[in-house]
Every structure is written in C-alpha cells, then in structure tokens.
Amino acid sequence: MKPEHVDMVQWDMVRNQIDSDFGAGVTKRILGSLTPVSLPRGKGISFYLVPPNWLQILDRDFKPFTPLSLGIWLGDLVEGKFRLSLPVLERVQEFTSNLLIVSRQGAESFTYGRSILKESVNKIDPSLLRGQKVFILNESNECLGLAALSVDAYKINRLAKDRLVAKNLVDIGWYIRRLS
Amino acid sequence: MERRHWCLNPRANGSDRILIGKEQRKRAKELAKQYGYLPYMIERYVVLWGEQEAIQFLKACERPIKKSIRLNTLRATVEETLSRLKAKGVRLKKVPWLETGYIADFRRISPGSLLEHMRGFYYVQGVPSMTVAEALSPQPDSLVVDMAAAPGGKTTHMAQMMNNSGVVVSIEQDRLRTASLESNIHRCGVTSSIVLRGDSRKLDQLGIAPDYILLDAPCSGEGLIALDPSRKRSKSMADIRFCATKQDALLDVAISSLAPGGTLVYSTCSIAPEENEFVIDDLLKRRPEMKIVPINIEFGIPAYPNPYGVELHESLTLARRFLPHKHDLEGFFICRIEKEESS
C-alpha cells in the first residue's frame, strides 16, 4: 500500500460532492497549488493534498512501512459517499456561506458531540435547505465542526426551542474523544 | 575490610560492573523499603550519586510534576493563545530556554477540555520533551525523521519550528498509538508530515537520507517515577538491558540512514546511565564517523562521563540531563550527535 495519484473517476466524485455541498469551484480553491493523492483505508479511500514536490518522495515503495497519512487530509470516499475530514473544515469554511452561528452553550454542547437545537441558533442564512451541510461556528466565528440541517432554515423560527435544527456530523471534540 | 558486592550493570562486559559495599547495600535496602522501590534501583542511585543525593532524588519523585504546555504557532500566535488562556484563569510562566514552552497552572480546569486545546492552540507536553525538539532545532525545508513518533508531541513541535515546510516522516510501530499520533498531527494543523506505521529498525530500507533524525528512544521510563509511581517496582534490570539493546539497534539504523553532515538527537525519559551514557559511549566506539556536539540552549546539567566510576568518552559532558531532584522535572537524557560530512 502506497500513496497513488488519484483515480480521475473517483476524484470527479469527490469534487462533485464538495462543490454541490458548498458551492461551485470550492474544491479548486481548496486545492490551490497542491496535488491530490489517495491512500486505501479500510473499506474506502482517503484523499490527501500534498505539495507537488512531494511526488518524488511518494514515488518510492514504502515497504516495509505502511503509510497512514500525509500532507493535508481532505477526507474519505466510502461506497460512493465523500466525507470531509475534520482538519480541512476550516479551509473549506472560508469559501462557503453555509454557516450556522450558535450560542455559547450550543457551541460547548456541540463539541461534546451533541446536535444543534433551535435554542442555540444565533444566525443562519435563511436560504439554506434541509439536508444541506453547514459549518457550525461559535460567537467568535471559530469553526467547531460540520452538521446537516434537519429543517429548512427559513422555518427555524417556527420551531420550539428544544427541536433539532442540525445533526452533528463531526466536531472538534472528536480529537479529544478519540483519545479517551 | 568492608565486603563489596557486584551489582550487575546491563552493559557489563566484565570491566564495568558496579561495586557496592555491604553497608551501602543494607542502606539501599532500607531506603527501597521506605520509598517502595525494588532494591536494585536504590543500589544504583547510591553508587551513582551517593546516599544524600539519592535520598533527594527519592523525595523529589514523591512530588507532582507541574503541568506544562507548548503554544502551537501553526494555529495561533503566542500572544493570542496567552491572552485567551489568561482570560480563562490559566496561570502561565515561560520556561526560560524554550521559545513557546510554559509552565501552566490550569487550577480546576482540565487542560484537554478547553476550546483552545481542541483547536490545537497548545499541546500539553512535558518541558523535557519540548527541550528535545529544540535541541535538534531542524531548519525549514529539511527532511526530518521522528523514529518513535507517537503521540506526536515532538513531531508537531518540529513541524511548528519548520513552519510546515520540508517533510517530517513520523514513524510509529504501535497500531493504537498511531491513532493518537495522527489525531494530534491533524489537531495541531501540521501539513508537512508523512505518518508511517512500522518498525523504525528498518528505516534504512526506506531509502531516504534525512538531514535530521529525532530518536526519543523507547526506554524503561526510569525518569517518570513522579508521574507513574508503579515504575518503582515494575521494571527489572533485564528490562533495562532489553531497552538498551533496542536503543543500540535503533541508533545504528538511524546513523546508517542519516545524511552526511546530518544531525541526530538521541533522548530517553530514563535517568539510567545504562540507557544513556553507556549507549552513546558504545555508539562512539562502533561509529567513529559520529561525534557529540554541544546543544545550543542552556538547560539541565551535563551528562555523566564516568557513571558508577566507569570512565566513558569525555565528550559525553556535552549531552545534558534533567533530574527530578535538581530541576523539578521528569528525568531525561538528551544528546546531540553529528555525522561527519565526508562519511
């Protein structure tokens, strides 16, 4: 197992999913001058972004070692579905308006793996629709993770305060929970 | 005349065994009982330091080690992190010889629970561990190998010092520990690392010639007694011997792989000369192309050129030690070695 240049069919799936979730051209902007490479992982494939001058290092056979990760972890493609990685969220967030700003209590609860309830919502673009992925930001506009809207944004004001607004997909508390 | 007993040194070859008197042995046994250690450990401390200093060491190991953190400039400026932590009531005191190292009193807050930690603004790390990366001081755009990388404190520190330029190849053999290594690399915003799982003793098969190698070698952990009191009784001399053999093998392969003119830092979290000075002394005999060089930061005390009365290479005084009873820190050994340009 070694890092490979991306398969163009798979890369098209990744690009299409990122762009459809967060806006046309977002993948290209994240990529910048970096090169995508892939690495098989479990049932899926992990994608990484590396500087072009790394390709000569990556050309070698890594035996007897097993490469686990390299450069910037973009995310994983499993059974045709692409999931953005946690460390790349901040980069993607810069290029999208899919943002949900939450209260202090909501932010703390979210980093413990909880989802977002109506009472925690401070601000959201009313044009966002149910099922869309949104970046969860605290009151200081710091990215805490990613969630999927469970209701159209323009309907949120009609909800009771304890109703679910966005389901937690991944949050930065994972770094800590993973180690415990 | 006092009877003297041989206390077996793991590096023993017939000439460098430790001599201990009957009275010293009796006293060591009493101290071992009083402080809950295996007697062989105290015997070594008494021969290495004398009884009074050995007692100071034992007392120091009963005291807790202060928490310390490294501010991660890949994620936030020093000023920003300091200001945020102070606003949350964390008391911070800079470690004089470290660029970004601070003694941190979190009071009742868990250091891992703060948002700043989750966002990678700081890394909870012992002062000696931070000092290891600073002792290597890898330059930007270099090729660096971290041979025993988990959980990632030194890998992330080196990537920080290189401002994410160059490449840090981080090797770890343990499957579970690679998870913490990867997690910390991602959390700290490191984008210049390649994480490999495997046995670092096969580094030469990778076909790379690193400019810098950090070998924080697997060791018996005899410097961590204050953090892990079970270490007072959990390791035998055979364990130390086993570690020393592995350390020899790791050093040999590191030096074979290192680029000519390259730099290696060897460190352990052990106070045992058997895993430190003796290992390096043997290395200097085996590999004449290597020489110990000064570390460009001021910390700790010089390493021992004649531990247990055994004369070793005089340049060992250029290596440094942290000792719990002298520095209120974990016990550590740090040695910077360079490979000849022409080798």
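Two strands count as paired if DSSP finds at least two bridges between them. Strands (E, at least two residues) and helices (H or I, at least four) are DSSP runs, numbered from the N terminus.

The model is predicted: local features need pLDDT of at least 70 and side-chain atom pairs count only at pLDDT 80 or more, while totals for chains, interfaces and linings use all residues. Residues are numbered from 1 along each chain as its sequence is written, chains are lettered from A and ligands numbered from 1 in the order in which they are written, and side-chain values use heavy atoms, with hydrogens and water left out.

**Between the chains**

Strand S4 (residues 66–70) of chain A and S9(B) pair in the antiparallel sense, over four bridges. In this pairing Leu70(A) lies opposite Ile194(B) of S9(B).

Contact (heavy atoms within 4.5 Å) links 36 residues of chain B with 31 residues of chain A. The two chains bury about 2800 Å² between them, 62% of it on carbon and sulfur atoms; buried area is the accessible area (1.4 Å probe) that two parts lose on being put together, summed over both.

There are five salt bridges between chain B and chain A, each a side-chain nitrogen of Lys or Arg within 4 Å of a carboxyl oxygen of Asp or Glu. One of them joins Glu90(A) to Arg75(B), with the closest N and O atoms 2.8 Å apart.

On the side of chain B that touches chain A, the elements that give two or more residues are those in the table.

| Element of chain B | Residues |
|---|---|
| Helix H5 | 115–118 |
| Strand S8 | 167–172 |
| Helix H8 | 175–187 |
| Strand S9 | 193–197 |

H8(B) gives the largest share of this side, eight residues.

**Within chain B**

Helix H11 (residues 277–286) of chain B is mostly covered, with seven of its ten residues buried, that is, under 20% relative accessible area (1.4 Å probe, protein chains only). Among the buried residues are Phe278(B), Ile280(B) and Leu284(B), and also Glu277(B) and Asp281(B).

**Within chain A**

Five strands of chain A form an open sheet in the order S1-S2-S3-S5-S6, with antiparallel pairing. Strand S1 (4–5) and strand S6 (81–84) of chain A are its edges, each pairing on one side only. S1(A) pairs with strand S2 (residues 35–41) of chain A over two bridges, and His5(A) stands opposite Val37(A) in S2(A).

Technical notes:
Buried < 20%, exposed > 50% of the residue type's maximum accessible area, 1.4 Å probe, protein only.
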